[in-house]
Amino acid sequence: MEQAPGGTGRIAWWQDFNVWYSESEVRYRDIPRPQPLIPELLFRGTAAILAAGPKVGKSFLAQQWEHFLAYGRPFGGWGAQERVRCLILDLEGDAGITQDRSRSISPLGVLDGENRYGTGRAADLIDYVHEWPTAHGTFRERLELLDKVLTEAAASGAPYSYVRVDTMKLFIGKNRKNENAYDFDATNAAWVNKLAGKHNVSILMLHHLKKDGGEEDWVERLSGSMGSAGSVSTIMYLERARGAETGILHVASRRGMSFDHPMRYDVHSGLWEFAPDLTLAEAQHSSTPRLILEYLAKHPSATIAELRADIPATPQTIDRALQRLRQENTIDYAGKLWTLTNSPANRRAQEPVPESLPWADRPERPAPVPAAPSAGAPAGFEHVSSALLNEAAAPDGAAEAFEPEQLPEMAGGNGALQQLMEITKQSRLHAVWKLPDVQKEHLGYDAVWLGGKPNQYTMFPARCPDWCSLVKVFDRKAAYPQSMKAWVVPNVLRRFGPMEYAEIRAQRLAGMFMVTAQSWRHGDGLPNPFGPLVAGEKALMPRATLDWLAQLADRELIEVPKVLWSLAGKGSENLLAPWGQWMLDQRRSATSAEQLAARKAEQNSAFGCLRIVDPDKQPGPVDRWDWQYGVIGAHYAAMGRVAMAAIDAGDLVLAVGNTDEIVFAVPADADPETWVPESMREHVDKHRFSIKYTRPVAEWFDDPRRTSRG
């Protein structure tokens with residue numbers, strides 16, 4: 001046999017077919033990699049398995065991914081990409097199930113080209129098939145038919161890029177009695193993988209678990225032999241207990257790292273979303289074990305007495321949960337204190353989504369398709385439909401997502417601001433540090449209503465009862481750090497037209513929303529959420545303020561707010577939360593009053609730097625007015641909820657405002673030094689509020705800072 005040149009001993013015809021090479025030479029080749037279709041989960045030219053138990057929601061999750069691929073519907077913060085055609089071999093479902101799930105994922109009227117009245121229609125990008133030669137056909141016949149369909153679609157100029165096979169067992173079939181199960185599964189799954197490579201499509205096969213389960217390694221829980229798992233590029237396991245609202249998506253891939261992501265499941269709508277606010281241990285548990293984990297996450301350690309006092313469960317239930325969590329190595333007991341362990345299951349991710357790793361190929365982001373702006377749209381903004389919500393490409397003049405080298409050095413500068421930049425740099429939410437000037441022109445403070453005004457009180461009633469001689473003022477401690485878990489848009493803002501509040505909430509939108517003030521029919525007996533706004537007057541407000549109005553609407557105090565237009569985008573409650581926690585930790589660790597005052601001043605300065613309007617001052621490195629509005633709105637909404645809860649409890653609230661104060665009338669028969677309203681006892685005990693002072697009522701009402709109704 002002919003030898004290859006160079007004396008390597010390699011047979012020449014093997015070299016021609018590129019199946020025999022040395023590792024030293026392949027290290028320098030330019031070898032194409034499979035392109036990700038969904039970051040870290042699905043790759044073109046490969047097959048993957050998504051397994052779960054019955055009625056866990058794997059088909060619903062797959063259909064959400066398909067709406068992302070075909071229609072650009074938001075999911076998990078993934079960046080926008082080219083729309084692709086999807087083929088669904090749903091061998092267990094029917095058209096009715098498809099319709100119900102589709103309308104839950106994308107309500108009628110939100111996809112491009114359609115409306116809720118049925119007179120429009122979205123693009124035909126997802127095709128369903130409910131019958132395939134499964135009953136009497138062979139695996140070879142089923143595979144050849146799929147090969148034919150994919151070939152004809154490509155020849156017609158409308159190729160498929162994604163195929164879902166539901167389920168794998170119905171498509172691959174079962175081995176014969178005398179046939180080795182491992183060899184059968186491995187060989188046939190490998191053929192599916194080869195077919196995916198031939199057509200450069202991603203094939204996702206939905207699979208069941210073994211009936212007995214119980215295996216410690218989740219890969220071994222897949223139904224059948226291990227042959228199929230070893231022959232595909234990616235295997236995923238969706239774990240959720242029956243009836244639970246949280247779960248975990250486990251992923252093992254040849255193309256990237258293995259990882260686990262906490263997930264949240266809506267048991268009513270069936271929708272899934274990533275849950276970055278949960279640890280894996282919290283996502284895996286519910287009821288008392290979950291409460292214990294959350295309690296220990298907020299407190300470095302706790303005694304059994306503290307746990308029994310603060311967790312609403314019987315001592316026996318708490319004891320059993322503690323022992324269970326200890327056996328799982330998520331908590332530990334030493335020195336009569338319970339603490340969280342350093343287990344990976346207790347690590348809280350700052351990013352909510354699986355993203356392509358820094359060394360992995362990312363799909364290019366297409367430029368957004370401009371559309372005619374709707375009536376009343378502010379100049380300088382493109383109208384973006386709901387289906388394009390998650391596009392990450394910025395319009396001309398908008399800031400791009402920063403790269404690490406854009407982080408400036410701030411030697412001797414504001415440490416709190418530097419910490420914000422570090423936190424947003426580490427996040428995978430593609431945070432953008434600056435708003436373009438054309439957007440800031442529409443976000444002036446005079447056009448915004450956040451639910452209150454600094455250094456002023458909202459009065460209700462406008463005068464104190466005759467029997468009252470003293471007022472007691474409570475102050476919300478660390479008001480802004482406590483409010484950092486606020487809805488904000490990490491990246492760029494987009495222009496949206498009229499939207500219903502339910503849709504804003506379902507799509508997890510944040511930003512600034514234009515709302516018309518309503519008439520307030522309840523006088524001074526309750527805090528007017530619109531303050532000095534006159535009925536019919538329009539104002540921009542952040543998501544937190546909008547949520548507060550919706551809660552008042554649930555109490556039938558006002559109508560559900562209607563959004564005329566908005567500057568919004570995919571929102572997150574977790575982008576700024578680590579910054580707020582860092583601020584609180586800095587204050588708690590101060591060793592002197594002087595150090596505490598200095599740290600507070602630095603933090604307040606950093607927060608103020610988010611919105612600099614003085615023409616003599618340059619904007620800071622983080623110039624996000626909407627982030628500041630979001631946090632302030634969250635604070636005012638929290639104060640409103642405390643006030644309403646106090647009124648519901650029968651406490652006489654005189655005022656709320658002056659940024660972080662709530663004022664009560666002291667009962668005539670109460671000890672003014674020790675009296676605390678019943679509704680405020682827990683807030684004071686848990687150090688959320690402190691008693692600021694007790695003052696004669698006439699002296700307090702003469703305070704020039706207060707003004708009736710803000």
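Which residue with a positive phi follows H17? The residue is Glu 556, with phi near 65 degrees. The model discussed here is predicted.

**Overall content**

The protein chain holds 22 helices and 22 strands. Of its 710 residues, 51% count as buried. Among contacts between residues at least 6 apart in sequence, 71% join residues at least 24 apart.

**Helix H17**

Helix H17 covers residues 543-554. Its 12 residues should span 16 Å at 1.5 Å a residue, and this agrees with the end C-alpha atoms, which are 16 Å apart. Since 10 of the 12 residues are buried, H17 is largely enclosed by the rest of the structure. The buried residues are Arg 543, Ala 544, Thr 545, Leu 546, Asp 547, Trp 548, Leu 549, Ala 550, Leu 552 and Ala 553. The cover over these residues includes helices H16 (501-506) and H20 (625-648), together with strands S17 (509-516), S18 (538-542) and S19 (563-570).

**Two helix pairs**

Helix H10 (residues 287-298) and helix H12 (residues 315-327) have axes that come within 9 Å and cross at roughly 70 degrees. An angle of 65 to 115 degrees counts as roughly perpendicular, so H10 is roughly perpendicular to H12. From H10 the contact uses Thr 288, Pro 289, Ile 292 and Leu 293, and from H12 it uses Thr 317, Ile 318, Ala 321, Leu 322, Arg 324 and Leu 325. By class, these residues are 7 nonpolar, 2 polar and 1 charged.

Helix H13 (residues 415-426) packs against helix H19 (residues 593-608) at about 55 degrees, with the axes 7 Å apart. That angle makes H13 oblique to H19. Here Gly 415, Ala 416 and Leu 417 of H13 meet Glu 602, Gln 603 and Ala 606 of H19. The contact divides into 3 nonpolar, 2 polar and 1 charged residues.

**Backbone geometry in loops**

Most residues other than glycine have a negative phi, and most peptide bonds are trans. The table lists some exceptions.

| Site | Feature | Value |
|---|---|---|
| Lys 55 | positive phi | near 65 degrees |
| Ala 478 | positive phi | about 50 degrees |
| Asp 166 to Thr 167 | cis peptide bond | omega near 15 degrees |

Lys 55 lies in the loop between strand S3 (46-52) and H3. With a relative accessible area of 70%, Lys 55 is exposed. Ala 478 is in the loop between strand S15 (470-476) and helix H15 (479-482). Its relative accessibility is 19%, so Ala 478 counts as buried, the cut-off being under 20%. Thr 167 sits in the loop between strand S6 (160-166) and helix H6 (168-172).

**Two further loop residues**

Asn 574 is located in the loop between S19 and helix H18 (577-588). At 14% relative accessibility, Asn 574 counts as buried. The side chain of Asn 574 makes a polar contact with the side chain of Lys 485 at 3.2 Å. Leaving aside residues up to four places away in sequence, Asn 574 touches Pro 276, Asp 277 and Lys 485.

Glu 82 is in the loop between helix H3 (58-71) and strand S4 (85-90). Its relative accessible area is 60%, so Glu 82 is exposed. The C-alpha atoms of Glu 82 and Tyr 71 are separated by 9.5 Å, and the two residues are 11 residues apart along the chain.

How values were computed
Residues are numbered from 1 along each chain as its sequence is written. This is a predicted model: local features need pLDDT of at least 70, side-chain atom pairs count only at pLDDT 80 or more; totals for chains, interfaces and linings use all residues. Side-chain values use heavy atoms; hydrogens and water are left out. Axes are lines fitted to C-alpha atoms, for helices over the stretch in contact, and angles run from 0 to 180 degrees between N-to-C directions. Helices (H or I, at least four residues) and strands (E, at least two) are DSSP runs, numbered from the N terminus. Angles under 35 degrees count as roughly parallel, over 145 as roughly antiparallel, 65 to 115 as roughly perpendicular and the rest as oblique. Contact means heavy atoms within 4.5 Å. Ala, Val, Leu, Ile, Met, Phe, Trp, Tyr, Cys and Pro count as nonpolar, Asp, Glu, Lys and Arg as charged, and the others, Gly among them, as polar. The expected span of a helix is 1.5 Å times one less than its number of residues. Buried means under 20% relative accessible area, exposed over 50%, partly exposed in between (1.4 Å probe, protein chains only). A polar contact is a pair of N or O atoms within 3.5 Å; within protein, one must be able to donate a hydrogen and the other to accept it, and residues adjacent in sequence count only if both atoms are side-chain atoms.
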